[in-house]
Amino acid sequence: SSVNLGFLAGNANALQAFAGDPRRAAKYALNAVDMWDRHPALANINSVADYDLVIILTNDAEKAKNWLEQVEPALTGSTPMLLVASAQVAPVLSPYVDSGQLAGVVTGLSGGAAIEQLNRSPIKGRVYWDAYQTGNALAIALIVVGEVFQLFISMFGRGKKRRRS
């Protein structure tokens, strides 16, 4: 079961407070309801280490680093942290993956397509990935055609200029 804990205002300070006492740091959901008493999945959660899994979704490298530096140290070895991020965040995350702070990372369109293939789910990401690759191939082809065209113009254009002079 999953629960949307809402928004934590305060960046790294809020995440540090959440790591220490999630019930206090994220008291209310987006609709101003105290979800801790209403949602059965949260009944036994008193610290961030009580979660079965922590998944972060972000497109911001700084926010990913804040989660890894403020929340991950409070997790026990049995609570993995996974991250789903845009492709431009991937280089920043590699030291955290190498150190073992992240149990897994999915980045970019290719990562999403790979997960879909592994789960044998409808492959929407693969369609986007194929369209992206086709667009890249077309761009390369247009560059090559343009270069060849420019080569012909420069070869035959110079010959006409020389004849006139």
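1. The protein exposes about 11,400 Å², of which carbon and sulfur atoms supply 56%; accessible areas come from the Shrake-Rupley method with a 1.4 Å probe, and for residues only the protein chains shown count as cover. This is a predicted model, in which local features need pLDDT of at least 70 and side-chain atom pairs count only at pLDDT 80 or more, while totals for chains, interfaces and linings use all residues. Residues are numbered from 1 along each chain as its sequence is written, and side-chain values use heavy atoms, with hydrogens and water left out.

2. The secondary structure comes to seven helices and three strands, taken as DSSP runs numbered from the N terminus (helices: H or I, at least four residues; strands: E, at least two). Along the sequence these elements follow the pattern α-α-α-β-α-β-α-β-α-α.

3. Of the 165 residues in the protein, 24% are buried, where buried means under 20% relative accessible area, exposed over 50%, and partly exposed in between (1.4 Å probe, protein chains only). Among contacts (heavy atoms within 4.5 Å) with a separation of 6 or more, 47% are accounted for by residues 24 or more positions apart.

4. The largest nonpolar core has 26 residues, and those with the most contacts inside it are Leu5, Tyr51 and Met81; such a core is a set of buried Ala, Val, Leu, Ile, Met, Phe, Trp, Tyr and Cys residues joined through side-chain atoms within 4.5 Å. At least two residues of this core are supplied by each of α1 (11-20), α3 (35-38), β1, α4 (61-70), β2 (81-85) and α5 (90-99), and the largest share, four residues, comes from α1. Leaving aside neighbours within four places in sequence, Tyr51 is in contact with Leu5, Phe18, Pro22, Trp36, Leu42, Ile45 and Thr79.

5. Thr58 lies in strand β1 (residues 54-58) and is buried, with a relative accessible area of 14%. Its side chain reaches the backbone nitrogen of Asp60 at 3.0 Å, and, not counting residues up to four places away in sequence, Thr58 touches Lys63, Ala64, Leu83, Val84, Ala85 and Ser86.

6. On the surface, Ile140, Val144, Val148, Leu151, Phe152, Met155 and Phe156 form a nonpolar patch with about 700 Å² of accessible area together. Patches are made of residues with over 30% relative accessible area and no salt bridge, like charges being joined within 9 Å and nonpolar side chains (Val, Leu, Ile, Met, Phe, Trp, Tyr) within 5 Å; a salt bridge is a side-chain nitrogen of Lys or Arg within 4 Å of a carboxyl oxygen of Asp or Glu. Phe156, in helix α7 (residues 124-164), is exposed, with a relative accessible area of 54%.

Conventions. Polar contact = N/O pair within 3.5 Å; in protein donor to acceptor, adjacent residues only side chain to side chain.
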